[in-house]
Amino acid sequence: MSMGKASKYVALIAVLVVMAMMVTACGGSTASTSTGTSKTATVKVAVGAPLTAGAVALGKGMERGAKLAIADVNASAAAKKAGITFEVFSGDDQGDPKTGVNVANQFASDSKVIGVMGHLNSGVSIPASKVYNQANLVMISPASTNPALTQQGLKNVFRVCTIDSVQGPSAADSASKDLSKKVAFVVDDSTPYGVGLADEFAKQFEKDGGKVAGREKTGDKDTDFKALVTKIGAAGPDIVYYGGIYNSGALLSKQLKEGGVKVPLMGGDGLYDGEYIKLAGTAAEGDFATSVGLPLDLLPKGQDFTAEFKKAYPGEEIAAYDAYSYDAATVIMNAAVEVAGKLGADKVSTTAGKKAVIDAVAKTDFEGITGKISFDSKGDTTNKAITLYTVTSGKWGPFKK
Amino acid sequence: MLASTIGQQLVNGLTLGGMYALIALGYTLVYGIMLMINFAHSEMFMSGAYVGLFTLQLLTNQTIITNAAKVLPFMSGMQSARVFFTGSGFGLFICFVIVFGVAMVAVGFMGVLIERFAYRPLRHAPRLAPLISAIGVSIFLQNAVLLWIDSKAIPFPKVMPVHDIKLGGGVSISTLQILILVTTLVLLACLDTFVARTKIGKAMRATSQDREAAGLMGIDINSVIALAFFIGPALGAVAGVFAGMYYGSVSFSMGFLPGIKSFTAAVIGGIGNLRGAILGGFALGIIESLAAGFLSSGYKDVVAFAILILVLIFRPGGLLGESVVEKV
């Protein structure tokens with residue numbers, strides 16, 4: 001009996017060994033064929049953005065920008081020569097840190113993902129960046145403006161948008177100098193993005209000689225601001241600054257004006273979207289928002305991008321981050337193409353390849369849609385332009401004195 | 001200065017409290033009869049807001065009527081009705097009656113359907129089963145709206161001319177706030193009379209005291225339960241339409257926070273007790289507004305839930321609830 005049992009094990013081991021050999025043989029043969037022929041590979045560019053909940057209008061724009069960039073790079077001679085093709089892999093972070101980390105893990109566990117273009121919200125980008133760091137994935141955010149993102153000392157984290165410590169003070173300078181506002185009431189939505197922006201605004205506004213009449217926190221999903229409006233009305237400001245996203249910001253603006261507090265609302269790039277005007281209606285008239293970079297039609301490549309966008313997405317409007325996402329995705333793909341040229345296209349998705357992509361991104365220096373793109377030692381963009389926009393007759397436009 | 005701010009926050013709080021009371025009644029009605037917490041109730045509030053929004057658009061939005069007329073030819077007649085609805089105060093009143101009526105009936109029937117298919121098969125199952133089923137219904141409804149309608153928030157059209165009426169002492173109340181308060185109070189009074197005075201109300205009270213005994217006395221338990229599942233969601237729908245009008249937008253996730261707050265209100269007042277739900281709703285609304293006004297907006301939820309904990313510690317049955325001996 002014991003002999004019989006032992007022989008069964010021997011047979012089992014023999015089968016396993018044969019199977020293992022077949023597997024390695026298969027692996028070996030595919031490897032040899034791919035080195036034999038021209039090395040080609042299809043890799044994925046991950047897009048992490050809020051697509052079903054949160055700032056959906058901005059998130060969908062990120063996806064659109066990335067898709068346009070992927071189509072353009074795939075059609076370029078450099079990518080064809082390197083034998084590398086890119087695919088989009090969208091993950092819906094719902095603007096929520098917990099969901100964002102799940103999405104990040106999903107990206108990290110897919111071996112074909114070579115870089116992440118995302119996320120939108122700073123609150124999502126910061127925890128997700130740690131996941132990408134462990135997976136050696138480069139991450140370029142087109143929109144997260146909280147300074148803390150690039151102050152974690154993570155080598156793989158970059159952004160193509162100007163940070164809040166530039167945007168907040170710039171808004172404060174505009175409010176006190178260009179608009180001659182004296183008393184501000186500062187509200188934020190308790191997210192890292194909103195708090196960072198509001199704090200920077202308040203600091204600079206006081207430095208400029210203005211008075212901050214009140215500082216309040218709300219939630220990023222709040223819809224009821226009635227009690228807050230009464231409080232703001234009692235403080236008597238001549239401008240209200242809101243650090244947050246358009247969903248709640250628009251309702252605050254609407255309820256302010258309905259509640260008889262007829263002063264403009266000012267905010268950051270999170271308000272700069274057509275949805276803001278749709279939700280706030282006529283209350284949005286005369287409200288202000290700063291946004292990163294220069295308006296598209298003032299940029300050399302902006303016209304081309306607008307034309308390309310209209311062709312690919314007829315009937316849709318360019319949102320705040322379409323062009324930034326295009327640039328961010330292009331930076332990742334350019335780096336991947338460069339690495340493919342050096343190591344071979346099939347090596348880009350290996351650990352060494354991904355590390356090489358991070359190094360190549362850090363050395364980026366090219367003229368994008370949104371201007372010249374290069375990164376400082378922390379991974380922040382060297383482009384620090386900020387534009388003030390205002391709503392006139394139901395449309396956002398650059399503010400002119 | 002201070003007095004006027006307190007007065008103004010009281011007005012805000014009363015309006016908010018009225019909405020909480022309307023939703024809280026739905027929780028308490030169902031709990032009173034079924035001893036079950038209907039976690040899908042917050043989605044009744046959300047559905048009400050959407051049904052109200054779409055009805056209002058069909059009655060008053062020119063482009064939407066034109067587009068609808070392309071599919072349904074008889075809709076073209078609505079253009080002249082639109083002029084009537086938006087033209088005068090009387091037309092607007094009729095328009096609101098239709099909007100609220102449609103929202104109440106549609107969401108009421110939705111509540112009955114949910115009871116029929118998601119809760120009735122589980123009536124003799126362990127108490128946890130219908131609770132989990134309710135959470136499932138809630139997730140289903142949210143995602144259905146997300147998928148079929150829009151993930152983005154939709155602005156609520158401004159049809160009613162809103163202006164402020166000065167109450168003196170620097171306190172003012174808007175016409176919309178008056179509409180919300182008056183409608184809420186009328187509905188609450190109607191429900192209270194209905195349950196206390198009518199024969200069906202008596203049947204409801206009997207069922208709530210002892211379901212089986214009531215059945216033996218010849219009360220049709222199924223229709224009493226269905227009625228509770230009609231009235232509760234219908235009142236929630238009214239609150240939903242008001243929330244859309246008052247705050248300016250509707251979205252698929254709008255039910256969550258008001259749902260939890262109203263549940264809190266129902267517990268504070270004593271769950272299962274109708275007047276308790278009304279008291280709890282108004283108390284919570286006023287406390288929240290005062291907390292937002294005098295502490296900070298960030299603390300309003302903290303204060304609301306801290307009060308829930310305090311009530312549960314010192315009066316576990318709620319303010320008006322009698323401490324019930326556990327049914328064996």
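Chain B and chain A bury about 2,200 Å² between them, and 53% of that is on carbon and sulfur atoms; buried area here is the accessible area (1.4 Å probe) that two parts lose on being put together, summed over both. Three residues, B:Lys152, B:Tyr247 and B:Ser297, supply 24% of what chain B buries against chain A, more than any other three.

A word on the basis, friends: this is a predicted model, where local features need pLDDT of at least 70, side-chain atom pairs count only at pLDDT 80 or more, and totals for chains, interfaces and linings use all residues. Residues are numbered from 1 along each chain as its sequence is written, chains are lettered from A in the order written, and side-chain values use heavy atoms, leaving out hydrogens and water.

The contact (heavy atoms within 4.5 Å) takes 28 residues from chain B and 26 residues from chain A. So which side chains meet in a salt bridge? A:Glu275 and B:Lys152 do, at 3.6 Å, N to O; the rule asks for a side-chain nitrogen of Lys or Arg within 4 Å of a carboxyl oxygen of Asp or Glu. The rule finds one such bridge across this interface.

Now the backbone, for those of you who like torsions. A:Gln94 has a positive phi of about 55° although it is not a glycine, and A:Gln94 is partly exposed at 34% relative accessible area. A:Ser393, also not a glycine, has a positive phi near 40°, and A:Ser393 is exposed at 69%. The cut-offs are under 20% for buried, over 50% for exposed, and partly exposed in between (1.4 Å probe, protein chains only). Last, a cis peptide bond joins A:Gly118 and A:His119, with omega about -10°.
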